[in-house]
Amino acid sequence: MKASKLLGWTTAIMLAGIATYTVMPDVSGEEAKQAEAWGLSQEEQELINVTNGDLIGDRAKDGAWEFHLYTTDGYIEMANGELVWVMGYTHARGSFKDVGEVKTKEEVERLLEPVKVPSDTLHLFVGEKARITLHNTGIHSCDEHSGINHVAHTIHFHGLDLTPAVDGVPSLPVDPVLEHKAFTYELTPQYEGSFLGHCHVDSFNHILAGMYFPIIIHQDKTKTAYGYKYDRDYTLFFSELSSTANEQLQETGIVHGLQDWKADYFLINGRTFTDNLYHPRSIINDPRSRIVAYEDETVLLRLMAIGADHVFAPHPHGYHMEVIALDGRKLKSSYEKDTLCLASGERVDVLVKIPHFASQRKCMSCNLGAGITIMHDHNLRGMVSTGKYPMGALTIFDVRSKTKVAKPEEPLIKEGKPYNPLEH
Ligand SMILES: [Cu+2]
């Protein structure tokens, strides 16, 4: 698949996500039209449906999926305007292709996408070999004498059942990837599920500086997970970030008093909520984090977390979640929760069934129609970033009616009589 197509598709999805604040497009219809315009094959169209337009690897001649990840450093902008230095993984502009050795800051900026936290999702498929090459470009935005310069990195595939050679623990038995060197991890996933990747060199500092990303392994190329069908899916990656610790790492290479490490940002997909509802860096204006769905749909949420000691407690208002898998393994029987515990390294996959509101106006918690409800960290420390509440891990369910939006001035009629939900 041409990278330009996917890049265009990703941009289109992001723009559509922003536009959907006011417009309600038929998303699947739009997808089909766009696919036709680009002349995508059936296989490519199927992949877009299961990856939400994320970049995917290139198919090598032997059928293996190939990805080239590059480690680097840089800054991310928080919703309050602060620029925080981070280390992370990135890739070529518009693709996971190999762009050769990248050594200088100029090459990093010209050839690679800016570093993100978490970095982009790797989509893999059960039984299909993947080759993931890690290139260490060095450190480019640190003080000359900082101890963080020239550090090595790895990828640990957290939750995958792999041999030690591709497990990413340094020198057990493979050496970590030194500056300006590369190493290829080759693996064939055995199980579908939600996983994550992170660096395993000086794990505390490297992970908390931003070196992590989601890994989604698909059983097949349809919208199913663990045998359950879904209409839409969102990956919500909860994490902690300390701008002061990162600054110490950047300046000196050492974070003093790690036992006292404290996050000052609590993130979903690298962002916080903010009181400016239109801020483009707010969680709720990120189309990958704002949970848009229509009545009657089933939404799969892949919840995952990484951090030092905070246990996130995601809690959606108005809905119970059906837990279908823990740590990438299907549960023998699902169960319902409205508040989960999500500690560092854990993944919990849940389904949220959006009711048909017009036929289920029975209780206050069902709302009086489609609309917006919040989903937030109920471990309330995670709702405070840089000392301000509720600037933390909060997103919204933006649920839309497929048909007619209920108007408050129109009385609701049920069984031939005006319906008052307070009397039920
Ligand atoms: Cu590292």
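User: Is Arg131 buried or exposed?

Analyst: Buried means under 20% relative accessible area, exposed over 50%, and partly exposed in between (1.4 Å probe, protein chains only). Arg131 has 16%, so Arg131 is buried. Keep in mind that this is a predicted model: local features need pLDDT of at least 70, side-chain atom pairs count only at pLDDT 80 or more, and totals for chains, interfaces and linings use all residues. Residues are numbered from 1 along each chain as its sequence is written, and side-chain values use heavy atoms, with hydrogens and water left out.

User: Which residue forms a salt bridge with Arg131?

Analyst: A salt bridge is a side-chain nitrogen of Lys or Arg within 4 Å of a carboxyl oxygen of Asp or Glu. For Arg131 the partner is Glu66, with the closest N and O atoms 3.1 Å apart. The pair links distant parts of the chain, 65 residues apart: Arg131 sits in strand β5 and Glu66 in strand β2 (residues 65-77). Strands (E, at least two residues) are DSSP runs, numbered from the N terminus. Glu66 is partly exposed, at 26%.

User: How many salt bridges does that rule give?

Analyst: The count comes to 18.

User: And which protein donors does the copper ion have?

Analyst: Donors are N, O and S atoms within 2.8 Å of the metal (3.2 Å for Na, K and Ca); water is not among the atoms, so sites may look incomplete. Here they are His153 (ND1), Cys199 (SG) and His206 (ND1), lying 2.0 Å from the copper ion. Cys199 is buried at 0% relative accessibility, and His206 is buried at 1%.

Conventions
Helix = DSSP H or I, 4+ residues; strand = E, 2+ residues; numbered from the N terminus.
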